[in-house]
Amino acid sequence: MAVIPARGGSTRLIDKNIHLLGGKPLIRWTVEAILKSECFDTVVISTDSDKIYDTVSDLNVERHVRPSQDATEKATALSAMINLMKEYKRHDIFSYFLPTCPFVTSEEIKKGVELLSDDLDSVVSMTEYSECVQLACQMKEDSVLPFFDNLTSGLTNSKFIKKYYHPTGAFYISWWDKLLVNKNFFVGDVKGVMMPKERFIDINDIWDFDLAKNYLKKTKQTY
């Protein structure tokens, strides 16, 4: 089972899930990649918005009407997904995909599903941090507080810098039963599928959207 949670009340970019990117609504990029992967027998759009669902209703998907308590700004996608699972019959695999990551490919989705062996708990999409994590600081009013010791030790040369990675949000895949127990995709034995950082774009505001449009223009790809 694959679920795409798409809340209608986005604030930073109004109606971002249906903004046109490369001539089609943003959410449609993710849905088409999932269907092209042919990994799931059930693909669900979980949304409180008729407008969002109408942009993909011609595809082989079904709608879950997202409850109001799971459609607020404070509601997390994870909690909404766990609640959704209680409304559906059991599947072998549960996965969810953020509609704001349009450049995930069907091949990456297939790789994620194939990687989910019996001894694993989950597989998630990952990418390398583009910024140097060891130079991160916290700010307390105007005071600078280095988070790592690289700055205070003068270890800022590239040979002292480790690579760090983070989830892209493109997909989270888990065994149904294990997820109901763990209630998290990062508990237990978890593996990652790498996405190249130049293709990782998580659209939350107009600047991200412009970045995605520029990426399409530069690569001239439509996936």
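**Helix 1 against helix 4**

In this predicted model, helix 1 and helix 4 touch through a handful of residues: Ala33, Ile34, Lys36 and Ser37 on the helix 1 side, and Ser106, Ile109 and Lys110 on the helix 4 side. Sorted by class, that contact is made up of 3 nonpolar, 2 polar and 2 charged residues. As for the geometry, helix 1 spans residues 26-37 and helix 4 spans residues 106-115, and the two pack at an angle of about 55° with their axes 8 Å apart. The pair is therefore oblique, and the crossing is right-handed.

Now for helix 4 itself. Its buried residues are Ser106, Glu108, Ile109, Gly112 and Val113. Viewed down the axis of helix 4, they fall within an arc of 160°, so they line one face of the helix. The face turned away from that buried side carries Glu107, Lys111 and Glu114, which are exposed. The cover over the buried residues of helix 4 includes helix 1, along with strand 6 (93-96), strand 7 (122-128), strand 10 (165-175) and strand 11 (190-194).

Ile109, which sits in helix 4, deserves a look of its own. With a relative accessible area of 0%, Ile109 counts as buried because the cut-off is under 20%. Setting aside neighbours within four places in sequence, Ile109 is in contact with Ala33, Ile34, Ser37, Phe40, Phe97, Val104, Phe171 and Ile173. Val124 lies 15 residues from Ile109 in sequence, and the C-alpha atoms of the two are 9.7 Å apart in space.

Notes: Residues numbered from 1 in each chain as written. Predicted model: local features only at pLDDT ≥ 70, side-chain atom pairs only at ≥ 80, totals over all residues. Heavy atoms only, no water. Axes fitted to C-alpha atoms, helices over the stretch in contact; angles between N-to-C directions. Helix = DSSP H or I, 4+ residues; strand = E, 2+ residues; numbered from the N terminus. Parallel < 35°, antiparallel > 145°, perpendicular 65-115°, else oblique. Left-handed = near helix turned anticlockwise from the far one by under 90°. Contact = heavy atoms within 4.5 Å. Nonpolar A, V, L, I, M, F, W, Y, C, P; charged D, E, K, R; others polar. Buried < 20%, exposed > 50% of the residue type's maximum accessible area, 1.4 Å probe, protein only. Arc of directions from axis to C-beta.
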